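Please consult the sequence and the model as you read.

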Amino acid sequence: MSPDPQLPAHDDPAHELDALANAARAHLRRRRAFGDRSVRLPAPERPSAARPATTSPAPTRPEPAPPRPESPAVRPLAPPPPPPTLRTPPAAVPRPVAPPPPPLAQPNVAPAPSPASEVAARAAACKDLASLRAAVAECRACGLCSTRTQTVFSDGPDRARLLFVGEAPGEQEDLQGVPFVGPAGPLLTDIIEKGIGIPRSQVAIANVLKCRPPGNRDPSQEEKRACAPWLARQIELLGPEVIVPLGRHAANHLLGVEGPDLRSMGSLRGQVLESRFGKLVPTYHPSYLLRTPDAKKDCWKDIQVAMGLLGLEPPKKRG
Ligand code: URA
């Protein structure tokens with residue numbers, strides 16, 4: 001090994017060792033002064049016992065002036081590097097990624113579509129009564145879908161000059177899928193066939209609700225609103241000239257009256273009313289007529305008004 005040109009040459013090995021030890025001490029002090037806290041300063045230099053007393057002190061390299069004590073203001077920000085090691089550092093454990101914060105409320109978000117607007121969109125997409133019937137059968141816009149046996153769409157042809165509109169299916173209608181086939185059905189059939197004098201199959205019959213309310217209770221406002229677009233599209237496709245609403249629920253619904261403003265049948269019947277669906281001639285519900293037979297003569301008057309609009313003559317009295 002060639003001698004270090006920085007160190008003075010020594011013939012005496014003891015002096016050489018002293019000089020090396022002093023140089024090492026100076027080196028450690030400098031590292032310590034520059035923030036390496038892993039350095040432990042050796043004890044101050046003591047005269048070597050191995051050194052003979054007669055021996056003059058070994059010349060040492062002049063040490064650099066000790067650095068000024070560190071002030072907090074100039075302390076290095078980064079910690080001193082770790083001492084070198086051969087051990088493989090442990091693999092960095094990935095920190096769990098926190099889920100992103102929920103998005104802030106957006107001020108201009110469109111409101112969720114109501115059942116009625118969803119039904120209206122689906123109804124508008126139906127180009128004929130067959131597709132409308134199929135769409136109604138899939139409807140889940142209100143709670144009645146969970147209690148119905150099936151939907152009750154209509155009875156009669158696809159185009160009709162006269163349309164009867166009832167309130168909602170009853171038990172038999174729910175079971176058979178056809179309107180007015182329960183207790184009130186035969187009376188309506190008599191009104192059409194004996195009163196007007198045409199086969200029931202030539203008129204259209206539908207309801208405001210397409211599903212049966214449990215226990216035949218009155219339809220709720222929400223149910224009527226959710227179901228309304230089906231009937232509106234049905235009327236559009238049927239194209240009737242005259243509509244006969246049966247009872248106050250159907251009459252008020254077709255007139256767009258709801259809530260506490262529902263009008264009584266007494267104030268609605270006996271006249272032609274204009275509506276967004278065309279001409280209405282409201283009359284009593286057949287179920288009411290079964291309970292109140294005296295009202296049948298008024299119903300007959302109403303039916304004659306409807307027939308007059310259609311240009312139909314009452315059938316000749318049998319002699
Ligand atoms: N009552 C109605 O309003 N509609 C029907 O279909 C049967 C009874």
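Q: What makes Ala204, Ala206, Ile235, Leu238, Pro240 and Ile243 contacts of Leu163?
A: Two residues are in contact if their C-beta atoms, placed from the backbone, lie within 7 Å. Leaving aside neighbours within four places in sequence, Leu163 is in contact with Ala204, Ala206, Ile235, Leu238, Pro240 and Ile243. This is a predicted model, in which local features need pLDDT of at least 70, side-chain atom pairs count only at pLDDT 80 or more, and totals for chains, interfaces and linings use all residues. Residues are numbered from 1 along each chain as its sequence is written.

Q: Why is strand E1 called mostly covered?
A: A residue is buried if 20 or more other C-beta atoms lie within 10 Å of its own, exposed if 12 or fewer, and partly exposed in between, with C-beta atoms placed from the backbone. In E1 (residues 162-166), 5 of 5 residues are buried. Leu162, Phe164 and Gly166 point one way, Leu163 and Val165 the other way, and all are buried. In the protein chain, buried residues make up 29% of the 319 residues.

Q: Which residues touch the most other members of the largest nonpolar core?
A: They are Leu163, Phe164, Val165 and Cys227, in a core of 53 residues. Helix H6 (residues 221-238) gives the most to this core, with 7 residues. Such a core is a set of buried Ala, Val, Leu, Ile, Met, Phe, Trp, Tyr and Cys residues joined through C-beta atoms within 7 Å.

Q: How do you know that Gly166 and Asn207 are around the ligand?
A: A residue counts as near a molecule if its C-beta atom, placed from the backbone, lies within 6 Å of it. Gly166 and Asn207 are among the residues around the ligand, which also include Glu167, Pro169 and Phe180. The shell divides into 5 nonpolar, 4 polar and 2 charged residues. Here Ala, Val, Leu, Ile, Met, Phe, Trp, Tyr, Cys and Pro count as nonpolar, Asp, Glu, Lys and Arg as charged, and the others, Gly among them, as polar.

Note on methods:
Helices (H or I, at least four residues) and strands (E, at least two) are DSSP runs, numbered from the N terminus.
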